Amino acid sequence: MTETHQQVPPAETGPGRQLSRREFLLRGGTTVAAATATAGLAVWLHDDIGTAGLAQPRPATIKNYFAAVDYPESAPRVSIVRDARDRVDGMVGAALAPLGGIERFVRKGDCVLIKPNVGFERDPRLGATTHPEVVRSVIRLCRRAGARRVLVTDNPIEQAAACFARTGIRAVADQEGARVVLPVERYFQPVAVRPTPPDPARNEALGTWPILWAPLEQADKVIGIAPIKDHNLCSASMLMKNWYGLLGGRRNQFHQAIHDVISDLGLLVSPTLVIADGLRVLIRNGPTGGSLNDVRPAHTLVAAVDQVACDAWCYENLLQRDPTRLRYLELAHRKFGLDAYSQSRRFGRHDWREYERTGLLVEQDLSNRLA
Amino acid sequence: MRITTARIISQSVFAALFLAFITLTSLSMLSDYPALRFWLSKFLEIDPLVAVSTAMTTHTLYKGLLWSLVVLLPTLFLGRFFCNWVCPFGTLHHLTGWLFHRRGLQAKIDANQYRRSAVLKYYILVGMLVAALFGTLQIGLLDPLVFVHRAFTVNVLPLLGRPVPALELPGGAVLGGGRLHQFGWILGFAFFVLLTLNLVRPRWFCRVLCPLGALLGVLSRFSLWRIERDPRRCVNCNVCVQGCEGACEPDARLRRSECFVCFNCIEDCPHGALRFAFLPSRASEVTGPDAGRRGVVLAALSGLFFCSWTRAAGKTTRDFSSRVIRPPGAVEELEFLERCLKCDQCLRVCPTNVLQPALFETGLEGLWTPVMNFRIGFCQLHCTACGYVCPTGAIQHLTVDEKLGLGPAAEQGPVRLGTAHFDLGRCLPWSKNTPCMVCEEICPVSPKAIYSEYQQFLLRDGRKSVTAATANSVTLAETATGVDSTGAPCRFVAHQFRGDETASYHVRTTPGPAGTGQSVRIADNNVDTLALAAALEEVPPPGTEVGIYIEYKVPKMDTSRCIGCGLCEHACPVVGDRRAVYVTPEGETRSEHEGAADRNRSVRLRKSL
């Protein structure tokens, strides 16, 4: 310490430095702005009740793919074709003819989604999956009718790419210029099948559920093509059960109420058209099969606009079982009865003989027709 | 063209090939382009350390491993060119080191000084090779090609998907996007750490740890060419060290076993004092690694006892884990451990993602070997892709006929991975009065191994007391034996017991868990009366008890048909820590082999009658 008290000049740094007004405002202002922004962000994000961050996005709803079809009341609802020689192209054409031909269902510029059953990685001869030749001729017909795009999709039980390859579906899609849409996770989206949660007491199984949505969203028309086969739990997997392949999530829980879910699936999708592939019917060891001994060639194709009646006919005539004892047909009949649209068209009959009596079910046999 | 430019092109080409091969390793690519089978595991097949170590464990050189000669022979002439011209992992390290290179000449020179730690890799090599001689293959833990294949498979490629979008390849294979690998994060972290160590010292892994580099370093003593310094031109400026990848002292007596033949020193020398010379004098080089004799003996001893050390756990024999299911075509466990590199290319190609890297389920030595996790996937029936890509035959290459026991292989039957069992306490039909049967539905063999039979189970509150009865109907007391779970008296909902094909309801006149006496199906019911589908032989008098039973299918297992594919376990809706049906290795085909460590595992459970 020195004795003399000297005047200290204003320092550049250190405790005694002069702070300019400009620097004070600039630095102080920055700090105040940062503090205000922090507090503002916190207040803006604040969730007082604590559930705002848990809100679910609104589920989508599936449109009615039959609504755009101009379908006369008097036209047949179910059309059956047999050909002992399995000339598939001719069979598909002949089956569609009484319904008005493909032109009634597919318009120029449509995007058509075909939903075969590709559930398992099996050779097509084993009857566990839709026969690729049926898919091929439907793709061709759609193209001929002017479809802009044809998509083929399914969410198989086994690994998807392998299933599409082994069943031959991918090959025919590639050859005919259709696009196979494999079930990638981001294609699924929650879909409201019914607006309320399902009530098991009323045999309802599906409320809002993740569905293979992306291809459905793109499509203008949806055609289901399903093999007719034995099923260990619900007795038969046919056309309504085919829509199970659009479900995502942990869908195997539905087996605890399988008739409820299959009859719900009939309402999940209102398809433009369904085609039953009864060329090679899997009569036992279903739904997987795996042996030619499990297969009975039935040489039959059925085109229909009423999937319940089509299932009932196939169950009785291809699997040779009694449809009055198949619970999901009865449930579907009841549920379709409650559905305003189906009711107005009197679709969803589980007693196919009613259609036979009124001429809405027609049969043809092409076996003796020349090529 | 400058020689270093040629080197960079070579590094880029091989790195690109590595990336291409590993991304193309998928079942759909293999089936669409069968020619790929030749290429997909090529980087592992040319790895001389893979060839040398598997030759030590198996005394053979498996199939494509002959290709290791394309690296071995040139190394004998040129030295460790592989490390800086071919090795994709080396290129990754080179690239990381270049991105984070030091500023200033002196810092660069310091970073590339030779350090004594470089000797560690020779001890690692000796230890692993001696362990291999005694039957356990561990080189894959650190071999750069095996490491980089494994890291890319289990953690680097699966990173795609978020936030970087997953890549969709033609044919439907998707890169990233939901590939799951248990403990993959450990390998991802190890990969990241090894790369960041380049910030501490360039090429740290290559210089210090790499056992393949060590092997090539030992072999480089025979090479006819090497870098030679001309002392008459050299002014001892040390500029040659600034880019030296191997830290091999080109400024003094060249350490030939450390030199990566990167040619940076020749490019960098301002005085033209360095050249790649034919047969230069032994006096101006350090020929071999400076591994000490005592260190080598210690390393050899650790390798010698490694096998007994890990196998003392008993995990390969009597305490073999019930969770270890090996891929189809895998050889017997001890042979498997002699062959499996842990390259995890089987995991990469597996279409269902069922194959997972093991942690210590089969003991320490089984780390990162493939095991199945049926919660993630299942063994696809017609797929044998894992055997196609296995470079060492740990998984033999089966045809689909051989796997399924069809056609020419019908005699020997299908390859069984294990056997499925039911946990009755978890199974919905067996213990929870709930119909299910997903396992039977999904069982892929024909005839199905899982079959079903109808059984009846007494309902909770199923004992009811009779107020009136005829042969075809039974009226029950409104409040029979108690109250329901809500405390309300037990009244029936109309049609409650009508049932369907999946489940039906029955009345027995002698209720009890193993009710004897007649069982009659309930056709319908109203609020207190059951209408019966058939006539009762003995009409129960009022006041007696009857039981209401639910009847549905319960699953049963025919173990002689089960192939252990795990589809049932995968699909079981009881999704807790353990499914209600699960696969264990009992009955696995590979243990039927004569020299199997535990032949008990191959004994099939007797078919119940």
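## Basis of the model

Residues are numbered from 1 along each chain as its sequence is written, while chains are lettered from A and ligands numbered from 1 in the order in which they are written. Because the model is predicted, local features need pLDDT of at least 70 and side-chain atom pairs count only at pLDDT 80 or more, whereas totals for chains, interfaces and linings use all residues.

## Where chain B touches chain A

The contact (C-beta atoms, placed from the backbone, within 7 Å) takes 36 residues from chain B and 32 residues from chain A. On the side of chain B, the elements that give two or more residues are helix 2 (27-32) and helix 22 (438-442), where helices are DSSP runs of H or I with at least four residues and strands are runs of E with at least two, numbered from the N terminus. Helix 22 of chain B provides the largest share of this side, four residues.

## A barrel in chain B

In chain B, six strands form a closed barrel in the order 10-11-14-13-12-15, with antiparallel pairing, and two strands pair if DSSP finds at least two bridges between them. Strand 12 (residues 503-508) and strand 13 (residues 519-525) of chain B run antiparallel and are joined by three bridges, and R508(B) has S519(B) in strand 13 as its bridge partner.

## An exposed residue

V603(B) lies in the segment after strand 16 (581-584) of chain B. V603(B) counts as exposed because it has 11 C-beta neighbours inside 10 Å; a residue is exposed with 12 or fewer other C-beta atoms within 10 Å of its own, buried with 20 or more, and partly exposed in between, with C-beta atoms placed from the backbone. From C-alpha to C-alpha, V603(B) and V527(B) are 55 Å apart in space, and they are 76 residues apart in sequence.

Note on methods: Contact = placed C-beta atoms within 7 Å.
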